[in-house]
Amino acid sequence: DYIKTGDAIPGDILVLTKGAGIEGTAVLAEDLSWVLENKIESSVIQVAKQMVRRISIVPEAMKAVELGGVHSLHDPTEGGLLNGIWEMAEAAGVGVEIIESKISIAPETKAVCEALNADPLKLMGSGALLIALERKRVEKLISLLLEIEVEASVIGEIKHLQEGRVLVKLDGTRVDLEAVDQDEVYRTLKKYG
């Protein structure tokens, strides 16, 4: 089956596998280890570097397609999770509501981002998969993914375009979701020369 990024429809539930900023965490840990070694434990840096091994999304994409009821798949790469969600919504001509508190961020990603003052939601996101599917299939999908040791969570819902594209922040404020101008990897690497 061929599933396009642009086929999400209002009412679909948006599921995220693994979490935000996977590839970006590995890149920053590798390229800026000399900065990080003064800010976080070396064991955390080592685990962060190894996150590059989590980049394949093939197993979870195959499980989703086998289940059925999936309308859209997208891997958030440059610009991170927020840009990936925006790309998915833009391609489908739909709105979306994302709940920030539902987005998984690995402890290593949090540590690296805090140490470098980077936003994990705008950090290169290869390794995660966004899945827009029918509400009635969500629980089964999450269960199937756990069987192959891929964690997943519901992070939002596809809406009608007139309802907007919104990120509900941790404090409950609602902000418009827009395309990300520059990935945090590039901004952070430039900052440190």
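Is the crossing of H1 and H8 left-handed or right-handed? The crossing is right-handed, where right-handed means that the near helix is turned clockwise from the far one by less than a right angle, and left-handed means anticlockwise.

## Basis of the model

This is a predicted model, in which local features need pLDDT of at least 70, side-chain atom pairs count only at pLDDT 80 or more, and totals for chains, interfaces and linings use all residues. Residues are numbered from 1 along each chain as its sequence is written, and side-chain values use heavy atoms, without hydrogens and water.

## Helices H1 and H8

Helices are DSSP runs (H or I, at least four residues), numbered from the N terminus. The axes of H1 (residues 22-31) and H8 come within 10 Å and cross at roughly 15°; axes are lines fitted to C-alpha atoms over the stretch in contact, with angles from 0 to 180 degrees between N-to-C directions. H1 is therefore roughly parallel to H8 (angles under 35 degrees).

On the H1 side, the contact (heavy atoms within 4.5 Å) is made by Gly24, Val27, Leu28 and Asp31, and on the H8 side by Val185, Thr188 and Leu189.

## An aromatic pair

There is one aromatic pair (ring centres within 6.5 Å, using the six-membered ring of Trp). Trp34 and Tyr192 form this pair, edge-to-face (planes over 60 degrees apart), with 6.4 Å centre to centre and 85° between the planes. Trp34 lies in helix H2 (residues 33-36) and Tyr192 in the segment after helix H8 (184-191), so the pair ties together parts that are 158 residues apart in sequence.

Trp34 is partly exposed at 48% relative accessibility, and Tyr192 is partly exposed at 22% (partly exposed lies between buried, under 20%, and exposed, over 50%, with a 1.4 Å probe and protein chains only).

Key: Rings of Phe, Tyr and Trp (its six-membered ring) pair if their centres lie within 6.5 Å; planes under 30 degrees apart count as stacked, over 60 as edge-to-face and the rest as tilted. Helices (H or I, at least four residues) and strands (E, at least two) are DSSP runs, numbered from the N terminus. Angles under 35 degrees count as roughly parallel, over 145 as roughly antiparallel, 65 to 115 as roughly perpendicular and the rest as oblique.
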